Amino acid sequence: MQLSSKRVFLQSIARDFKRTGAIAPSSKTLAQAMTRELAKHRRPDLRVLEVGAGTGNITEEIVRHLGPGDDLDVCEIDRKLAGIIRHRLKKDPSLSGVEASVRVINKPIESFDRRPRYDFIISCLPFTNFEPAAVHDIFELYRDLLKPGGICSFYEYILVRKAACLMTGKTAVGARVSGVSKVVRNYIDRYCYRHQVVLLNLPPAMVHHIRFAEG
Ligand SMILES: C[S@@+](CC[C@H](N)C(=O)[O-])C[C@H]1O[C@@H](n2cnc3c(N)ncnc32)[C@H](O)[C@@H]1O
């Protein structure tokens, strides 16, 4: 990652930590774990959505698995971060030679219209900072955006929610974070078919791959 991208990411953390929800961009190891199922299920004409792309660390890894005829929609709510990715797609060799068709969408994921059109969703959203009802709505949106049999991969930082609950106890923040844990746990228990622990990331993370049941 180039210095200017790092600086913009750090600025976005300082500006709105709640929305950015990270202390550093994802590591290469986390990016590889997040794209593991995509790599395994390669087939022609894939439609992929990345949500919360930041400066594009995971985007870089996604495009390695895509070719001509594939489509990638990159959703990023922050205007400056979306601008960095657009710039990287033109100038940065790790993104500029992409053969798939890539669209950067500078809008919140919540504004996407609910039509099943993606084979994969790679979600990097910081759920811990959201309201439990918003997290539930986003998982249901992912269900609606995925084609039947589609896969959603997402990560959460290990122990961060537990630590936040311990520190905030019976406060409103504690109740919110514990509510988020329940929502995420419910989707993991029902639909997750593979997890992977990634220690080489700041903080260490757990990647989950889920497939919503049909019907
Ligand atoms: C934890 S960072 C992940 C950045 C990058 N993918 C990585 O892993 O290094 C989360 C990103 O989600 C974006 N984000 C937060 N809420 C969003 C929303 N409702 N819709 C789209 N993007 C959002 C933030 O601006 C931020 O760039």
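Modeller: A word before we start: a residue is partly exposed when the number of other C-beta atoms within 10 Å of its own falls between the limits for buried, 20 or more, and exposed, 12 or fewer. The model we are looking at is predicted.

Biologist: Thanks, that helps! Is Gly67 buried, exposed or partly exposed?

Modeller: You can find Gly67 in the loop between α5 (57–64) and β2 (71–75). It has 14 other C-beta atoms within 10 Å. Buried takes 20 or more and exposed 12 or fewer, so Gly67 is partly exposed.

Biologist: Which residues does Gly67 touch, not counting those up to four places away in sequence?

Modeller: Arg43 is 24 residues from Gly67 in sequence, with 9.7 Å between their C-alpha atoms. Contact is judged on C-beta atoms, which must lie within 7 Å. Leaving out residues up to four places away in sequence, the ones that Gly67 touches are Glu99 and Ala100.

Biologist: Let's step back to helix α5. How many of its 8 residues are buried?

Modeller: The buried residues of α5 are Asn57, Ile58, Thr59, Glu60, Glu61, Ile62 and Val63. The helix is therefore largely enclosed by the rest of the structure. Out of 8 residues, the buried count is 7.

Biologist: Which residues is Ile62 in contact with, leaving aside its neighbours within four places in sequence?

Modeller: Ile62 is one of the buried residues of α5. In the largest nonpolar core, which has 48 residues, Met34, Val48, Ile62 and Ile121 touch the most other members. Beyond its neighbours within four places in sequence, Ile62 is in contact with Thr35, Leu38, Val48, Glu50, Leu72 and Ile122.

Biologist: Now the helix pair α8 and α10. Are they roughly parallel or roughly antiparallel?

Modeller: Two packed helices are described by the angle between their axes and the distance between the axes. Helix α8 (residues 132–145) and helix α10 (residues 172–191) pack at about 20 degrees, their axes being 8 Å apart. An angle under 35 degrees counts as roughly parallel, so the arrangement of α8 and α10 is roughly parallel.

Biologist: And is the crossing of α8 and α10 right-handed or left-handed? How many nonpolar residues does their contact have?

Modeller: The crossing is right-handed. On the α8 side the contact is made by Pro132, Val135, His136 and Phe139, and on the α10 side by Arg176, Gly179, Val180, Lys182, Val183, Val184 and Tyr187. By class, 2 are polar and 2 are charged, while the nonpolar count is 7.

Biologist: What separates the C-alpha atoms of Asn186 and His136?

Modeller: Asn186 sits in helix α10 and counts as partly exposed, with 13 C-beta neighbours inside 10 Å. His136 is among the α8 residues that make the contact with α10. Although Asn186 and His136 are 50 residues apart along the chain, the separation of their C-alpha atoms is 9.7 Å.

Biologist: Which peptide bond is cis, with omega near -10 degrees?

Modeller: Look in the loop between β6 (192–198) and β7 (205–210), where Pro203 lies. The cis bond is the one from Leu202 to Pro203.

Biologist: What is phi of Asp45 near?

Modeller: Asp45 is in the loop between α4 (36–40) and β1 (47–51). It counts as exposed because it has 10 C-beta neighbours inside 10 Å. Its phi is positive, in a residue other than glycine, and lies near 60 degrees.

Notes. Residues are numbered from 1 along each chain as its sequence is written. This is a predicted model: local features need pLDDT of at least 70, side-chain atom pairs count only at pLDDT 80 or more; totals for chains, interfaces and linings use all residues. Axes are lines fitted to C-alpha atoms, for helices over the stretch in contact, and angles run from 0 to 180 degrees between N-to-C directions. Helices (H or I, at least four residues) and strands (E, at least two) are DSSP runs, numbered from the N terminus. Angles under 35 degrees count as roughly parallel, over 145 as roughly antiparallel, 65 to 115 as roughly perpendicular and the rest as oblique. A crossing is left-handed if the near helix is turned anticlockwise from the far one by less than a right angle, and right-handed if clockwise. Two residues are in contact if their C-beta atoms, placed from the backbone, lie within 7 Å. Ala, Val, Leu, Ile, Met, Phe, Trp, Tyr, Cys and Pro count as nonpolar, Asp, Glu, Lys and Arg as charged, and the others, Gly among them, as polar. A nonpolar core is a set of buried Ala, Val, Leu, Ile, Met, Phe, Trp, Tyr and Cys residues joined through C-beta atoms within 7 Å.
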